[in-house]
Amino acid sequence: MSDRGIRARHSYREATARRRLAGLLDEGSFRELLGPEHRVTSPHLAALDLPAAFDDGVVVGAGLLLGEPVLAASQEGSFMGGGVGEVHGAKLVGLLERAARERPRGVLLLLDTGGVRLQEANAGLVAVSEVMRAVLAARAARVPVVALVGGGFGCFGGMGIAARLCDAVAMSEEGRLGITGPDVLETTKGVEELDASDRALVWRTYGGKHRYLLGEADRLLEDDLEAFRTAAAELLRVSARPLDLEELEREHRQLGRRLAEFGGAADASEVWRAAGVERPEALPLLEAPEFLRAVAGARRGGR
Amino acid sequence: MSRTWDQARRDRARRLARARGVSPEKWVDPQRATALLEALLEPGDRVCLEGDNQKQADFLARALSRVDPARVRDLHLVLSVLALPEHVELFERGIARRLDFSFSGPQAVRLAQLAGAGRIEIGAIHTYLELYARYFVDLTPRVALVAALAADREGNLYTGPNTEDTPAIVEATAFRDGVVVAQVNEERERLPRVDIPGGWVDFVVRAPTPSTIEPLFTRDPAQVSEVQVLMAMMVVKGIYAEYGVNRLNHGIGFDTAAIELLLPTYGEELGLKGKVCQHWALNPHPTLIPAIESGFVRSVHAFGSELGMEAYVAARPDVFFTGPDGSLRSNRAFSQTAGHYACDLFIGSTLQVDLAGNSSTATASRIAGFGGAPNMGADARGRRHSSPAWLRAGRESARPGTMPRGRKLVVQLLETFREHMEPAFVERLDAWELARAMKMELPPVMVYGDDVSHIVTEEGIANLLLCRTAEERAEAIRGVAGYTPLGRARSVRAVENLRDQGIVRRPEDLGIDKRRATRDLLAARSVKDLVRWSGGLYDPPRRFRSW
Amino acid sequence: MERLSFDLACPGAPAPRAPPVVVGVVASGNLEVLVEPGAAPGTCRVEVATSARGFREIWSAVLDDFAGRHALSGLAVSVNDAGATPAVVSLRLDQAVEEYLGGAR
Amino acid sequence: MTAAELLLSLFPAGHSVREEGSLLLGSGASPEGEVAVLGTAQGLEVGAEEALALAAFVLDVVRRHPARPLLALLDSRGQRMSLRDEILGLNGYLAHLATALELARQRGHRLLSLVYGEASSGSALALGFMGDEVHAVEGARLWVMNLPAMARVTKIPLERLAEVSRTSPVLAPGLDNYVRLGAVESVWQPPLAAALLQALRREAGPDRRSERGEERGGRLLARRVAEAVRGGRGGGG
């Protein structure tokens with residue numbers, strides 16, 4: 001392995017929400033909307049005497065991607081686990097509504113979130129619902145929406161649904177996507193259901209590779225900002241997922257096949273085996289390019 | 001008057017005769033292990049139950065904890081690391097009463113409770129080398145219970161990469177007519193190498209489960225902070241480059257891991273390859289892989305091994321000490337000796353430092369012990385050979401009119417505040433309070449102030465070698481103590497004065513741009529990166545994987 | 001939460017005007033720092049909201065040194081702190097001001 | 001209220017809704033014509049199979065009955081929490097259900113939701129809250145987490161959470177809170193058939209929940225913040 005390769009990489013996972021945007025968009029092109037100087041912070045966190053963030057944990061704005069205008073939002077996973085509260089959610093909704101009105105080349109959602117922010121529970125749930133509706137409304141207005149999942153907190157809860165409402169999802173192997181996250185699953189159903197400290201099991205289940213193989217993610221990337229940038233631009237270019245009956249019926253058949261084929265799997269590796277991967281136990285060890293070659297014939301769906 | 005000169009040998013023969021009643025063969029039925037120990041042991045015996053930093057004779061510990069206390073009691077336990085719950089149980093059940101040891105790690109709290117309740121008599125807390133030394137002087141075991149990876153029919157032992165304490169223990173026991181019992185994971189027809197000859201071993205028992213080994217030296221690069229990167233930059237540029245440090249030992253904290261991860265990037269940029277950090281007394285730290293791969297490191301001798309590093313070590317025999325099969329041969333006694341006498345520098349993190357530079361990791365309500373750090377972190381007064389780093393340190397600390405000599409570099413790394421805003425610089429070490437509460441003769445100091453050459457914090461480096469008076473030394477320490485109460489009580493003028501003399505050096509004095517202190521400077525930022533650097537040879541334990 | 005405010009005396013010409021800059025994140029042991037134009041010339045106004053109570057003196061000392069390192073005249077600095085150590089606080093303050101001044105060029 | 005009682009009250013003129021495995025599927029007769037009915041009963045936790053069955057129903061209505069209104073009836077404790085459902089990508093199945101409902105909306109189907117039991121997390125988001133209007137009956141229980149559990153997870157003292165909940169609708173479970181937040185448009189009183197008829201006769205519009213939340217004092221910032229971002233006001237450019 002060349003040492004240069006390791007050194008030159010700028011980790012997407014490690015970057016802050018702002019750094020991710022700066023690395024993703026054309027240099028210096030990002031213009032933030034309702035930026036931190038406006039101090040639109042969460043009144044609900046203040047009521048509980050908890051620290052606020054000037055941007056409530058999400059950066060939204062406009063910029064260029066390979067010269068084309070895009071809108072983008074980036075969640076800060078390390079602030080309240082990227083949880084969606086009233087203000088945080090409203091910023092996402094406003095951005096998506098702006099997209100439906102302005103018709104940019106597309107919208108990028110850099111998701112890094114556990115879902116609803118528990119400290120604003122009910123408001124968070126409604127906000128996530130509004131985000132979901134807004135994603136669909138933007139798509140209905142023919143503005144492609146692309147979700148990027150590669151942050152340290154993954155993408156869980158209702159935002160795990162929201163990610164899959166987008167036209168496309170790009171993930172790194174380190175990214176995680178699901179609805180009931182490992183900690184919640186362990187707490188609710190017990191450690192016998194899932195041991196959240198078993199990192200290999202957690203990533204086998206929620207991680208980018210499994211999602212890619214299922215067709216839940218459209219691209220599987222290295223944990224590298226530049227890789228995300230390239231993938232985002234490409235996914236905006238390839239045709240959007242049409243919001244029509246034909247497309248939905250196609251997806252419906254695919255989801256039905258998935259249930260029939262893999263419904264009995266007790267572990268993601270059984271899915272890989274059933275899908276025809278030759279050495280499923282080796283998959284977690286492979287670097288992204290090798291992995292893509294290894295599963296090329298076994299992958300179900302996705303674009 | 002006639003006198004018998006072989007009482008110990010006769011005693012040994014009697015014990016073996018009793019034991020043969022339980023197991024006529026050298027290979028003992030695992031289910032008879034406790035019976036064997038009951039036959040071998042007598043009340044008050046001094047027993048070494050091998051408990052190393054990593055390797056544990058856990059099956060024999062369990063067997064010993066099940067003996068009948070009416071038959072076997074009041075043992076004097078000698079071992080370097082008291083880590084297992086069974087170790088503590090021996091005292092709770094009255095099987096053992098007295099203890100001489102080095103380090104207690106995970107059992108530090110229970111140990112303090114037992115000592116407080118008078119259930120345990122602590123002889124002394126040693127450094128590793130002191131304890132091994134006493135095995136050959138006045139703490140020779142009557143019976144040693146040791147652990148190895150495999151044995152053959154004759155009882156030759158193969159320890160695998162974690163040889164650690166075994167040679168020191170068996171040598172002391174076997175040659176003073178003691179009895180040696182070994183637990184092994186498996187029997188093999190042919191061993192890859194013989195670490196302990198079968199003639200020194202009396203009984204061998206196959207443990208039903210492999211002996212436990214903990215990955216104590218694996219530091220996930222993902223946890224290294226920016227502040228640690230900054231401190232590591234200061235160490236590389238302000239100490240390693242300045243003194244030309246070529247033989248060294250590192251502690252096991254994240255701050256020293258940061259230094260290891262900076263060598264291929266920042267070190268390379270400073271042109272240090274081939275000039276510093278070529279020879280190490282160090283366990284096979286995974287975070288050293290990038291420095292090895294980029295050609296910084298020429299040799300590493302290890303105290304013990306590290307889980308997951310087996311294939312990597314085997315593939316780098318020019319760097320590591322290995323047997324013909326490629327497996328690491330470690331040896332804690334020799335590596336400690338190497339660290340003490342053959343290294344020019346020791347650097348490690350600590351929790352508390354006082355104004356005299358004394359440092360301690362002791363906290364009230366825990367008896368953690370010393371391990372090996374004090375052997376590394378002490379000037380080797382008996383050293384006579386010279387090296388450029390040793391000579392320069394000696395020159396810096398020389399007083400007019402004294403005989404010129406060299407000096408070891410002993411560097412303590414710490415951030416000025418610990419978690420929860422606990423100041424790391426204190427008027428009085430917690431060690432004093434621990435000594436009072438536990439009725440110890442001395443406060444447990446890890447590294448004494450007069451052995452320390454440099455203190456490094458995020459604020460800068462204090463070079464204590466250059467200080468001429470106790471006051472100057474205290475002011476230099478205040479000069480890097482940041483915003484702690486001791487730091488804020490500094491005389492700004494005096495500290496500026498020390499800066500002019502190069503006694504206190506800030507990052508800017510060293511030409512270090514603090515903005516570069518980001519994690520991007522680390523050669524590896526995740527365990528996965530380490531696997532990449534190793535070309536897939538490093539096989540990290542599960543808890544460090546996300547794949 | 002404890003709210004602290006400081007008016008640092010900052011002699012010298014006012015710092016150039018530039019777009020506001022925020023650096024760092026509000027996560028355990030970390031903080032965010034917002035730098036923007038706003039204070040009267042000759043001073044730098046610092047507002048701190050911190051989850052660690054009882055460290056006013058340390059904040060004051062950290063900020064005095066900060067003012068000694070940079071020309072802050074006319075700037076407003078706002079901090080949301082989640083229990084960062086002074087080392088991290090100083091690092092973020094420096095990064096924020098340097099980024100702000102970089103944006104002014 | 002059981003599903004059977006509810007259906008009787010909503011469709012006095014008769015309905016063909018079957019309850020199978022706690023899924024409700026069928027249609028009911030109203031003065032405005034047939035209404036397609038889908039939903040959950042007995043607190044059903046919606047897993048991959050159920051989400052797919054509900055989506056199949058929606059797509060079938062879209063295909064065969066253009067513009068027929070859809071009424072979602074919700075009594076569900078949320079999504080099914082299991083390793084197996086996560087392995088299968090339950091979030092994707094729920095997203096598919098939500099997208100199918102959006103397709104229906106885009107093609108002119110009226111979407112109404114009625115919470116008659118519980119509503120929480122995944123199934124609330126993918127089914128109930130997808131309606132043009134979300135209504136509830138008295139006694140409906142909408143929630144994210146009860147306060148004792150929230151206190152454990154967030155490490156905030158229970159007393160403090162209870163104290164804040166006296167004035168804020170944000171934390172504690174309860175229908176009233178969701179009405180104040182704008183998530184529930186109204187609470188239907190019997191006769192439910194009349195309330196349904198009124199709702200069917202209203203025009204569908206955009207998502208107005210944040211406006212409702214503002215009017216009702218439950219969410220004072222959501223509408224304003226979204227508008228500021230949408231309109232570009234306060235931009236840093």
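In this predicted model, helix H11 (residues 245–262) of chain A meets helix H2 (residues 48–64) of chain D, with axes that come within 11 Å and cross at roughly 155°. Angles over 145 degrees count as roughly antiparallel, and H11(A) and H2(D) are therefore roughly antiparallel to each other.

**The helix pair**

- The crossing in which H11(A) passes H2(D) is left-handed.
- From H11(A), the residues making the contact are A:Leu245, A:Leu248, A:Glu249, A:His252, A:Leu255, A:Gly256 and A:Leu259.
- H2(D) contributes D:Ala48, D:Glu49, D:Leu52, D:Ala55, D:Ala56, D:Leu59, D:Val62 and D:Arg63 to this contact.
- Sorted by class, the contact of H11(A) with H2(D) has 10 nonpolar, 2 polar and 3 charged residues.

**Chain A against chain D**

- Chain D holds an open sheet of 7 strands, which follow the order S1-S2-S3-S5-S7-S9-S11 with mixed pairing.
- Strand S1 (18–20) and strand S11 (186–188) of chain D are the edge strands, each pairing on one side only.
- On average, and with direction ignored, neighbouring strands of this sheet are turned by 25° against each other.
- S1(D) and strand S2 (residues 23–30) of chain D run antiparallel and are joined by 3 bridges.
- Which residue of S2(D) is the bridge partner of D:Arg18? The partner is D:Leu25.
- Helix H9 (residues 192–201) of chain D packs on the sheet, where it touches S2, strand S7 (111–115), strand S9 (133–137) and S11 of chain D.
- The direction of H9(D) makes about 80° with that of S2(D).

**A loop residue in chain B**

- To find B:Asp520, look in the loop between strand S19 (504–505) and helix H19 (527–533) of chain B.
- Is B:Asp520 buried, exposed or in between? A residue is buried with 20 or more other C-beta atoms within 10 Å and exposed with 12 or fewer; B:Asp520 has 16, so this residue is partly exposed.
- B:Asp520 and B:Thr265 are 255 residues apart in sequence, while in space their C-alpha atoms are 9.7 Å apart.

How values were computed:
Residues are numbered from 1 along each chain as its sequence is written. Chains are lettered from A and ligands numbered from 1 in the order in which they are written. This is a predicted model: local features need pLDDT of at least 70, side-chain atom pairs count only at pLDDT 80 or more; totals for chains, interfaces and linings use all residues. Two strands pair if DSSP finds at least two bridges between them. Helices (H or I, at least four residues) and strands (E, at least two) are DSSP runs, numbered from the N terminus. Axes are lines fitted to C-alpha atoms, for helices over the stretch in contact, and angles run from 0 to 180 degrees between N-to-C directions. Two residues are in contact if their C-beta atoms, placed from the backbone, lie within 7 Å. Angles under 35 degrees count as roughly parallel, over 145 as roughly antiparallel, 65 to 115 as roughly perpendicular and the rest as oblique. A crossing is left-handed if the near helix is turned anticlockwise from the far one by less than a right angle, and right-handed if clockwise. Ala, Val, Leu, Ile, Met, Phe, Trp, Tyr, Cys and Pro count as nonpolar, Asp, Glu, Lys and Arg as charged, and the others, Gly among them, as polar.
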